[in-house]
Amino acid sequence: MQVAPPTQAAPPVPVASSAVEPWDPSATQVMPGPVPDYDDPADVVTGEIVTDPLDDAPAAPVEVVLALGANLGAAQETLRAAVSDLAGTRGIEVTDVSPLARTAAVGPEQPDYLNAVVLARTTLSPRDLLRATQAVEHAHGRERAERWGPRTLDVDIVVYGSVLAVTDDLELPHPRAHERAFVLEPWSQVDPQAVLPGLGGGPVAALAATAPDRGGVRWLALDWLTAAVPGTSGVPVVDQPAPGYQDGGYDPHPAAPGYPQDGGYDPHPPRTDGTGAVPRTPRP
Ligand SMILES: Nc1ncnc2c1ncn2[C@@H]1O[C@H](COP(=O)(O)OP(=O)(O)OP(=O)(O)O)[C@@H](O)[C@H]1O
Ligand SMILES: Nc1nc2c(c(=O)[nH]1)N=C(CO)CN2
């Protein structure tokens, strides 16, 4: 193979049109993107960087859904801080935050989780968004040990616009979101009309109602971003039955007394709009 001398400009590489036109993530796409089609392999310069569309910043802000979970340490405080960190990240605008859900752990035996869903708009590429969410995880001491094991903070990208992608490091929508009540239930509470794109997708509220772990959603707290965190170490995530938890059955509006009794907030307010949805959590 001939390698061009350093002074000679590299021959133009044919680029498929989607790599150069402004990317419109609202149009459903299947990744990875097109592979350059070299006419003459002898002209290929080694070391060329080939990107796929998951590295491309969108032409306009894209609506994304992020799922947060924590079950080690001061979980509620961590989730609050994570929402604030995401909102403070350049290229991410947090538009809404779901109620906080206490959920039985799916996977290996471990403490209950606190879960929440963040709706945002981003000008970051999907991979830059992944890097940003991982940076937030790291800032809160996230270590990767056991798969599906306990963690101080997990931030998953549930959807990025309507992009469908399967790559080594990023799958969109998140491949297990469609079967996780701990994602779907808080998401449907903050956006009752939401629809999950892709295979296995559909109306989020309907998916939440049939998800295998739906019985593990113990309660939802509304003003968790603004109310005082009970005690000094955040929400008691471990080893305590949550008030309002009724035999493992899912009831987002249990009649049980509010939690915490002394924290000054009521996680079980009356429904206000007749839809059965819990009113929205104030923005951070
Ligand atoms: N949509 C996505 N959101 C976040 N990470 C993703 C996504 N798709 C693929 N990944 C990859 O998954 C890897 C493992 O992620 P993580 O450690 O959060 O998994 P997990 O939380 O144990 O399991 P799960 O993916 O089932 O939630 C990440 O390093 C990332 O590259
Ligand atoms: N209830 C619940 N279970 C889980 C969660 C989570 O966030 N909530 N995250 C996991 C790994 O992503 C594994 N299991």
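Analyst: Helices (H or I, at least four residues) and strands (E, at least two) are DSSP runs, numbered from the N terminus. By that rule the span 147-158 is 0% helix and 42% strand, and its end C-alpha atoms lie 18 Å apart. This is a predicted model: local features need pLDDT of at least 70, side-chain atom pairs count only at pLDDT 80 or more, and totals for chains, interfaces and linings use all residues. Residues are numbered from 1 along each chain as its sequence is written, while chains are lettered from A and ligands numbered from 1 in the order in which they are written.

User: Why is Ala132 called buried?

Analyst: A residue is buried if 20 or more other C-beta atoms lie within 10 Å of its own, exposed if 12 or fewer, and partly exposed in between, with C-beta atoms placed from the backbone. Ala132 has 21 C-beta neighbours inside 10 Å, so it counts as buried. Its place is in helix H2 (residues 126-139).

User: What makes helix H3 largely enclosed by the rest of the structure?

Analyst: Ten of the ten residues of H3 (residues 181-190) are buried, and therefore the helix is largely enclosed. Among them are Phe182, Leu184 and Trp187.

User: Which residues are closest to ligand 1?

Analyst: Asp156, Ile157, Asp169, Glu171 and His174 are the closest of the 13 residues that surround ligand 1; a residue is near a molecule if its C-beta atom, placed from the backbone, lies within 6 Å of it. Strand E5 (154-160) and strand E7 (171-172) each supply at least two residues of this shell, and E5 gives the most, with three.
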